[in-house]
Amino acid sequence: MRESDVEAVLDALRSGWLTMGPRIQAFEAQFAAHVGAAHAVAVSSGTAAVHLAVRAVAASRVAVPALGGDAAAAAVRAFGGEVLLWDPPADPPPDAEALVVAHAFGTRAQVPAVEVPVVEDCRAALGLGVGRAGVAACWSFADGRPLAMGEGGCLTTDDEAIAARVRLLRQHAMTSGTWDRHRGHSDSYDVVDIGFNFRLDEPRAALGSSQLAHLTEARSTVEAIRVDDVDAAVEALREAGIGARGYTPLAPLPHAAEAAARLVLLEPGADREAVARALCA
Amino acid sequence: MEEEDLEAVAAVLRSGRLRAGEQVALFEREFAAHLGVAHAVAVSSGTSALQLAYQAVGVGPGDEVIVPSITFAASAATVVHLGGTPVFADVCGPHDIGVSVDDVAARITPRTKAICAVHYGGYPADVARLGELGPALIEDAAHSPDASRGGRMAGACGAASCFSFFSNKVLAVGEGGLLATDDDDVAERARGERSGAYNLRTDEPRAALLRSRMARMADDVAARRALTARYRSLLADVPGVIVPYTDAEVATSSCYVMPIVLSDAARQAPVRAQLRERHGIQTSLLYPAVHEFTAYRERFAASLPQAERVARSQVTLPLFGFMTHEQQDRVVAALAEAL
């Protein structure tokens with residue numbers, strides 16, 4: 001956080017324009033250019049971006065990676081779709097109508113060459129050069145990410161229809177402008193679908209723009225360490241004063257090199273050396 | 001936006017700790033104390049609060065929730081996201097744009113899981129009677145962060161209440177909301193689901209801003225009440241205008257907006273257009289009837305004569321805490337001219 005970032009937020013607050021304004025538009029244009037996509041739609045969180053991507057793709061059966069696919073699985077279920085668990089580097093399920101690839105834990109996942117739409121979960125991957133391989137990419141600006149707003153996210157895409165759908169659904173599926181002229185309404189609106197409030201606001205967009213201007217290379221925001229006993233590892237780390245939480249993938253992973261792919265996720269900034277010592281103590 | 005607001009936000013930003021922490025916890029405690037309830041759960045928006053409230057009282061597939069049609073669509077959309085069915089209810093009429101208790105009662109079925117009471121414009125609905133009907137009462141208090149009825153705070157009466165801190169609300173932060181409740185289980189479920197399938201969390205900068213602005217809320221609401229009282233006396237001389245609610249109700253309202261209803265619905269569009277084009281006065285429409293929107297009118301059809309009448313004849317006049325008497329006089333003069 002630089003003083004210029006703080007000033008950008010204060011400027012937004014002083015302007016009195018807190019939502020749906022010029023700073024969001026500016027940030028979207030800048031972030032789209034940064035990723036190299038045609039469109040960017042700023043939203044309230046990376047999770048929101050995943051939810052809206054799933055809805056925009058609108059597939060009934062979506063393949064989700066067993067490792068790192070939690071948010072995507074929840075989004076597919078919330079949409080009423082069927083989750084097909086997939087364990088890369090195995091081939092995706094052949095009956096999948098869409099695929100979510102998760103660049104989890106600061107790594108670049110392989111994006112398989114498939115005929116169906118691919119959504120890239122890039123929430124932990126800003127700066128890794130990913131997010132251009134699918135129909136949409138989902139980004140997170142949570143605390144601890146290279147670009148951090150507190151809570152925030154974005155969906156990028158080259159597909160104009162997807163961008164329009166996500167813009168609509170993030171704001172209650174409200175369409176502005178004249179509606180149903182013969183009713184004699186003016187300055188009214190219609191609600192054309194069951195939408196959400198997944199908007200980002202002006203102060204956070206200002207923070208995003210300011211940070212984007214000095215964004216350097218990526219740093220891994222979540223350190224993942226494979227262990228045999230997740231509970232014991234988390235306990236040992238807590239006793240050593242290191243923040244950690246256990247993580248179990250969505251399904252057993254037959255292709256994992258190690259016998260067990262149970263992970264401990266460390267809070268951003270945790271010291272790996274200290275962790276190794278704590279776990280071996 | 002005052003200097004202390006900016007300083008509060010700047011301090012949090014400089015600390016480098018942005019995710020929900022101390023500021024959010026303090027804001028929740030302060031808002032709960034303001035309402036006189038046990039628990040407050042700060043979230044990303046009023047919509048998020050509604051979804052968590054309905055979810056916390058068990059709304060799911062096959063359940064019905066009775067929702068007034070004169071409200072923001074989110075009061076109903078959140079029901080649908082949980083797999084439930086919004087059952088639209090009528091409002092009392094031009095003199096009281098709150099939900100009709102009798103109409104709600106008539107729509108209760110064995111599938112009714114909750115009733116949504118919307119405190120329209122900051123004027124609390126009849127929660128005392130609604131709460132006696134049986135199903136869990138969810139208060140949509142997006143308009144009423146500081147209002148009461150019968151001596152009870154709006155937002156302290158039902159199973160859960162939902163607040164909004166959207167940019168145009170009485171207490172505003174940009175995007176923000178809050179769920180309040182006295183029920184331990186509701187609070188625990190809401191906190192859990194806040195980081196469940198969806199991310200409905202808020203963050204430290206917004207909580208710091210809310211705490212700072214909340215300190216001035218009582219003064220702002222007092223100014224709104226005084227302006228509303230003055231509007232009412234000025235509008236009494238304008239024929240063709242129905243001003244809902246009573247002077248007594250204004251005294252305990254949040255006075256979020258200044259709603260009027262035109263006797264002649266045909267005047268709604270031309271009056272709004274003339275105010276905008278000839279005088280640069282922006283009015284709003286609170287609200288089009290939700291059951292008449294494309295997303296609802298076939299799937300959740302209803303016939304609601306009072307709501308339909310209000311939707312066609314309602315005009316919301318400018319009102320904000322630092323509005324001047326000159327500005328008010330201009331609005332009323334322009335309205336009288338347009339009528």
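Modeller: Two strands are taken to pair if DSSP finds at least two bridges between them, and the helices (H or I, at least four residues) and strands (E, at least two) are DSSP runs, numbered from the N terminus. This is a predicted model, in which local features need pLDDT of at least 70, side-chain atom pairs count only at pLDDT 80 or more, and totals for chains, interfaces and linings use all residues. Residues are numbered from 1 along each chain as its sequence is written, chains are lettered from A and ligands numbered from 1 in the order in which they are written, and side-chain values use heavy atoms, with hydrogens and water left out.

In chain B, 7 strands make up an open sheet with mixed pairing, and their order is S1-S11-S10-S7-S6-S2-S3. Its edges are strand S1 (39-43) and strand S3 (85-89) of chain B, each of which has a single partner strand, so one side of each is left without a neighbour in the sheet. From one strand to the next, the twist of this sheet averages 20 degrees, where axes are lines fitted to C-alpha atoms, for helices over the stretch in contact, and angles run from 0 to 180 degrees between N-to-C directions. Within the sheet, strand S7 (residues 136-140) of chain B runs parallel to strand S10 (residues 160-164) of chain B, and 3 bridges join them; Glu139(B) is the residue that stands opposite Ser161(B) in S10(B).

Two helices of chain B lie across these strands, with contact meaning heavy atoms within 4.5 Å. Helix H2 (residues 22-35) of chain B lies across S1, S10 and strand S11 (177-181), at about 130 degrees to S1(B). Helix H3 (residues 46-56) of chain B lies across S1, strand S2 (64-68), strand S6 (112-118), S7, S10 and S11, and runs at about 170 degrees to S10(B).

Chain A has an open sheet of 7 strands as well, again with mixed pairing, in the order S1-S7-S6-S5-S4-S2-S3. Its edge strands, each pairing on one side only, are strand S1 (39-43) and strand S3 (82-86) of chain A, and its twist averages 20 degrees from one strand to the next. Helix H2 (residues 22-35) of chain A lies across S1, strand S6 (136-140) and S7, at about 125 degrees to S1(A), while helix H5 (residues 160-170) of chain A lies across S1 and S7 at about 15 degrees to S1(A).

The loops of chain A deserve a look too. Most residues other than glycine have a negative phi, and most peptide bonds are trans. Ala173(A), in the loop between H5 and strand S8 (174-175) of chain A, has a positive phi of about 55 degrees although it is not a glycine, and at 0% relative accessibility it is buried (under 20% relative accessible area, with exposed over 50% and partly exposed in between, for a 1.4 Å probe and protein chains only). Ala58(A), also not a glycine, has a positive phi of about 55 degrees; this residue lies in the loop between helix H3 (46-57) and strand S2 (61-65) of chain A and is partly exposed, at 47% relative accessible area.
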